[in-house]
Amino acid sequence: MEELRTFEASEKFKAEALVRDRSMYEAAAADRLAFWAEQASGLDWVEPWSEVLDWSDAPFARWFVDGKLNVSANCLDRHVANGLGDRVAYYFEGEPGDKRTITYAELFAEVQQAANALKDLGVKKGDRIAIYMPMIPELPVAMLACARIGAAHSVVFGGFSAASLSDRIIDAEAQVLITADGGYRRGAPSMLKGIVDDALQSTPTITDVLVVQRIGDAAEPVNMQEGRDHWWHDVVPGFSASCPPEVMDAEDLLYLLYTSGTTGKPKGIMHTTGGYLTQAAFTHKYVFDLHPETDIYWCAADIGWVTGHSYIVYGPLANGCTSLIYEGTPDTPTEERRTGDRAAWAKDRFWEIIANYGVTKLYTAPTAIRTFMKWGTQWPQGQDLSSLKVLGSVGEPINPEAWVWYHTYIGGGRCPIVDTWWQTETGAMMIAPLPAVTTLKPGSASGTLPGISAELVDDAGQPVGVPGGGYLTITEPWPSMLRGIWGDPQRYKDTYWSRFPGRYFAGDGAKFDADGDIWLLGRVDDVMNISGHRLSTTEIESALVDHPAVAEAAVVGRDDATTGQAISAFVILRGGVTASPELQAELRNHVATLISPIAKPADLAMVPELPKTRSGKIMRRLLRDMAEGRSIGDTTTLADPSIVPIIEEALNG
Ligand code: PRX
């Protein structure tokens, strides 16, 4: 593949772009708060704010103080009132090939019916609602219905286990759960309701469950508990399609989203109303150079993660754009290839969807791109991808090879790639190019967006120069920042604001190149990034130690060509337990059952010892070196260097 060092959008692209020069950066730099106020004024407010930012109780921010608005009204009512009711909000493509088209007017009506149904179940402003669903249109409907009546949703990714679901429900004290019988994945029903039933055995706060029927007769009937479980289709359509939006304060809770940290307990990240929607809408519009009248936008993430919250639901709907929702995996058995052998399945489902719907903007993750590279160029080359205009990347660093492949084979050499760095905690994009303005470099996320201030610092918290490398910190509050960790304000301060006082520390390392462009280098803490999914080493270690055969466990993320990182586990068995391949499989499955299949270790070694420092801390760096087959460096800080060859022997034997 030819080497590509920089890329600029074509003159035609630039001429039609929303932002064509750096004046927006200059305006934001001159007066950051006025800049954000201008972005917020693009939303519909019931009452104006009195102050843009109150940072007097740092690190607890209040944006658009005293302002009142409703997120669902901004995503629906105002578009319908502006005559856009017939515009398509979502094209839905089910994995089996079933299709639905939902206009803004239809979405508006269904959200209000669902909101009335929730009210009828006793849900009030300030309550928490758990949502555990496949990628079907009722998922955004459920989220918007919560937002409409002022209840906070807590969406739990549909791939999580019963234990993970119940932990999150218990922590949030959620009252109602919205779910589905199941969804379609990899050519077959993947059932959720049984997992829900298990989870609800330990959740005293849930009084009612709304169940969408997605699978129906295609699988065994699901259990519906009398008095607790209600079919969505029996309940929701009977309610009036009129439910006035609750007037919310800019700082009222919009949602909780749990994410892995460096300890075993997931954190309920809190996002509020006015600032969150402002930055989600702003970034979605300018980073994708959105033209809502003509664009067909597709974010191929799952709504269960923050990317789906901000860039399938809130940003796109606030901007009145037409999006696509696809339920399944990129390789699915089509009619012609409905065989049992997954390797024989068609691997062009994404490209077929893009061609069929004329998708103009695509947002996906590097791990997906590397998988497509592995499958080969024949798949995209067999489809017409000429509608594409901008490609996005998110979730992990995109290696230059994947960038160039994406640019060449998906973008036809003409589409700018926006590599967007952000986090569950930041709520919206922070570091990303503007496609008509930024000179792109494969592998670099370029620089901060207008209104965002970041610095790289060294161990002592001193800013590093250009070029240079260090810890990525954010130096000024931003509108969509997390407002805290649910139920644990101290943990919020300790986790994000204490390592470098006065700075938000993101947990990532990065470097500036000679031009001052930022290159993300991955996590510097014990958080792993597996296929763009965030998992903590400690959480997986706890799951392993939960098994009666395991005395001690250590987990590291090692490099993997496709998934970015893969999980390598090291366990010490309890006395009297014998190592065997069966036990190895059982332990890996135990993690999948306790957390999620995405957390299942790729490899697991049963070792007699773990490398520890004299203070008893496991030296993960050494384990990572071993897992990646490198000769290990300095072992002088080990309490007992003689164990290294013993572990290596266990690994290789
Ligand atoms: O390490 C960074 C990586 O993903 C982490 C955030 O994970 P999560 O909260 O699950 O949100 C993912 C979707 C926004 C970050 O700390 N990350 C995210 N985007 C990028 C990235 N690393 C490099 N480049 C990116 N574009």
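Which glycine follows helix 15, and is its phi positive or negative? Helix 15 is followed by glycine 412. The phi of glycine 412 is positive, near 55°. This value, like the others below, comes from a predicted model.

Helix 15 spans residues 400–410. Its buried residues are Ala402, Trp403, Val404, Trp405, Tyr406, His407 and Ile410. Several elements contribute to their cover. Among them are three helices: helix 12, helix 13 (366–375) and helix 14 (378–381). Strand 18 (361–364), strand 19 (390–394) and strand 20 are also included. Helix 16, residues 489–497, also has buried residues. These are Arg491, Tyr492, Tyr496 and Trp497. Their cover includes strand 15 (267–272), strand 23 (484–485) and strand 24 (504–512).

The ligand is surrounded by 16 residues. The closest are Thr420, Thr424, Asp508, Arg523 and Arg534. By type, the shell divides into five nonpolar, six polar and five charged residues. Strand 20 (417–420) supplies at least two residues of this shell, and so does strand 25 (518–523). A polar side-chain atom of arginine 534 lies 2.8 Å from a ligand oxygen atom. A polar backbone atom of glutamate 396 is 3.3 Å from a nitrogen atom of the ligand. For proline 397, a polar backbone atom is 3.4 Å from a ligand nitrogen atom. On its own, the ligand has 540 Å² of accessible area, and the protein covers 96% of it.

Threonine 424 is one of the closest residues to the ligand. It sits in the loop between strand 20 and strand 21 (454–457). Is threonine 424 buried or exposed? Threonine 424 counts as buried because its relative accessibility is 11%, under the 20% cut-off. Beyond its neighbours within four places in sequence, threonine 424 is in contact with Leu257, Thr259, Ile269, His271, Val306 and Arg534.

Nonpolar side chains tend to be buried together in soluble globular proteins. In this model, the largest nonpolar core has 120 residues. Leu107, Ile131, Ile178 and Tyr314 have the most contacts inside this core. Helix 6 (residues 138–149) gives the core its largest share, nine residues. Tyrosine 314 has contacts with residues from several parts of the sequence. Leaving aside neighbours within four places, its partners are Val71, Cys75, Met143, Leu144, Ala147, His153, Leu254, Tyr255, Tyr276, Leu277 and His309. Another core lies apart from the largest one and has 40 residues. Its members include Leu192, Val555, Leu604 and Met606.

Threonine 332 is found between strand 17 (322–326) and helix 12 (349–357). Threonine 332 is buried because its relative accessible area is 1%, under the 20% limit. The side chain of threonine 332 makes a polar contact with that of arginine 349, at 2.8 Å. Apart from neighbours within four places in sequence, threonine 332 is in contact with Glu95, Tyr326, Trp345, Ala346 and Arg349. Valine 46 lies between helix 3 (32–40) and strand 1 (51–54). Valine 46 is exposed because its relative accessible area is 51%, over the 50% limit. With neighbours within four places in sequence left aside, valine 46 is in contact with Lys68, Leu69 and Val247. The C-alpha atoms of valine 46 and alanine 81 are separated by 15 Å. Along the chain, these two residues are 35 residues apart.

Some backbone angles also stand out. Most residues other than glycine have a negative phi, and most peptide bonds are trans. Arginine 186 is not a glycine, yet its phi is positive, about 55°. Arginine 186 lies in the loop between strand 9 (182–185) and strand 10 (188–191). It is partly exposed, with a relative accessible area of 43%. Aspartate 289 also has a positive phi, of about 45°, although it is not a glycine. Its loop runs between helix 10 (274–287) and strand 16 (296–299). Aspartate 289 is buried, at 5% relative accessible area.

The bond from alanine 58 to proline 59 is cis, with omega near 5°. Proline 59 is in the loop between strand 1 and strand 2 (62–65). The bond from valine 466 to proline 467 is cis, with omega near -5°. Proline 467 is in the loop between strand 21 and strand 22 (468–474).

Methods:
Residues numbered from 1 in each chain as written. Predicted model: local features only at pLDDT ≥ 70, side-chain atom pairs only at ≥ 80, totals over all residues. Heavy atoms only, no water. Near = heavy atom within 4 Å. Polar contact = N/O pair within 3.5 Å; in protein donor to acceptor, adjacent residues only side chain to side chain. Areas by Shrake-Rupley, 256 points an atom, 1.4 Å probe, with all protein chains shown as cover. Helix = DSSP H or I, 4+ residues; strand = E, 2+ residues; numbered from the N terminus. Nonpolar A, V, L, I, M, F, W, Y, C, P; charged D, E, K, R; others polar. Core = buried A, V, L, I, M, F, W, Y, C linked by side-chain atoms within 4.5 Å. Buried < 20%, exposed > 50% of the residue type's maximum accessible area, 1.4 Å probe, protein only. Contact = heavy atoms within 4.5 Å.
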